[in-house]
Amino acid sequence: MFTNQMIIRSTYSCARKFSPVFFHTSAIRSSGQVLDCNKDTFNKLVIEAKEPVIVDFYADWCGPCRVLAPILERTVGENKKVTLVKLNTDDNPELAKKYEVSALPTVHAFYKGKSIKNFIGVKSPGEIKAFVENAALLANE
């Protein structure tokens, strides 16, 4: 049985847990998050981003993409200085061509609108962590 005090604590905890992130600003604050992207949102989420962005070029049918995705998502989730943007190459072939994606998965690190580093294929969790941390260091510049 719940007491009034327990209900108030529970409500207060939920209110703190789900407080808004954006407050009174028009800037997108997405670091540490995983966002889906397409050709219409790519410029806003990647090119115009103030923080480093890691773009995972993938396809739903790609087995190695499904292996890499949870490792990449967890690693970015632990590092609040970068954002992970996922781009389905089947739905956005023009962006895959523009960034010379010839194999899947391909992962690019972007900073200030430019691709600064990339890798192809599945890497070990340690290699992925190093890749994400190197991208995050750019946020300190």
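**Fold, sheet and disulfide of a predicted single-chain model**

Strand 4 and strand 5 form a hairpin with two residues between them, and lysine 112 in this turn has a positive phi of about 55°. Helices and strands are DSSP runs (H or I, at least four residues, for helices; E, at least two, for strands), numbered from the N terminus. The structure is a predicted model, in which local features need pLDDT of at least 70 and side-chain atom pairs count only at pLDDT 80 or more, while totals for chains, interfaces and linings use all residues. Residues are numbered from 1 along each chain as its sequence is written, and side-chain values use heavy atoms, with hydrogens and water left out.

The chain contains five helices and five strands, which follow one another along the sequence in the pattern α-β-α-β-α-β-α-β-β-α. Of the 141 residues, 38% are buried, where buried means under 20% relative accessible area, exposed over 50% and partly exposed in between (1.4 Å probe, protein chains only). Among contacts (heavy atoms within 4.5 Å) between residues at least 6 apart in sequence, 72% join residues at least 24 apart.

The five strands form an open sheet with mixed pairing, in the order 1-3-2-4-5. Its edges are strand 1 (34-37) and strand 5 (114-120), each of which pairs on one side only. From one strand to the next, the twist averages 25°; axes are lines fitted to C-alpha atoms, for helices over the stretch in contact, and angles run from 0 to 180 degrees between N-to-C directions. Strands of a sheet pair through backbone hydrogen bonds, either parallel or antiparallel. Two strands are taken to pair if DSSP finds at least two bridges between them.

Strand 1 pairs with strand 3 (residues 83-88) in the parallel sense over four bridges, and valine 34 stands opposite leucine 84 in strand 3. Helix 3 (residues 63-78) packs on the sheet and touches strand 1, strand 2 (53-58), strand 3, strand 4 (106-111) and strand 5; its direction makes about 160° with that of strand 3. Glycine 77 is found in helix 3 and counts as partly exposed, at 23% relative accessibility. The C-alpha atoms of glycine 77 and valine 34 are separated by 7.7 Å, although these residues are 43 apart along the chain.

Strand 4 is mostly covered, with six of its six residues buried. Thr106, His108 and Phe110 point one way from this strand, Val107, Ala109 and Tyr111 point the other way, and all are buried. Strand 4 pairs with strand 2 in the antiparallel sense over five bridges, and histidine 108 is opposite valine 55. The pairing of strand 4 with strand 5 is antiparallel over six bridges, with valine 107 opposite phenylalanine 119. Helix 5 (residues 125-137) lies across strand 2, strand 4 and strand 5, and runs at about 175° to strand 5.

A disulfide is a covalent bond between the sulfur atoms of two cysteines. With a disulfide taken as a pair of cysteine sulfur atoms within 2.5 Å, the count comes to one. This disulfide joins cysteine 62 to cysteine 65, with an S to S distance of 2.4 Å. The torsion about the S-S bond of cysteine 62 and cysteine 65 is about 80°, so the disulfide is right-handed. Cysteine 62 is buried, at a relative accessible area of 3%, and cysteine 65 is buried at 3% relative accessibility.
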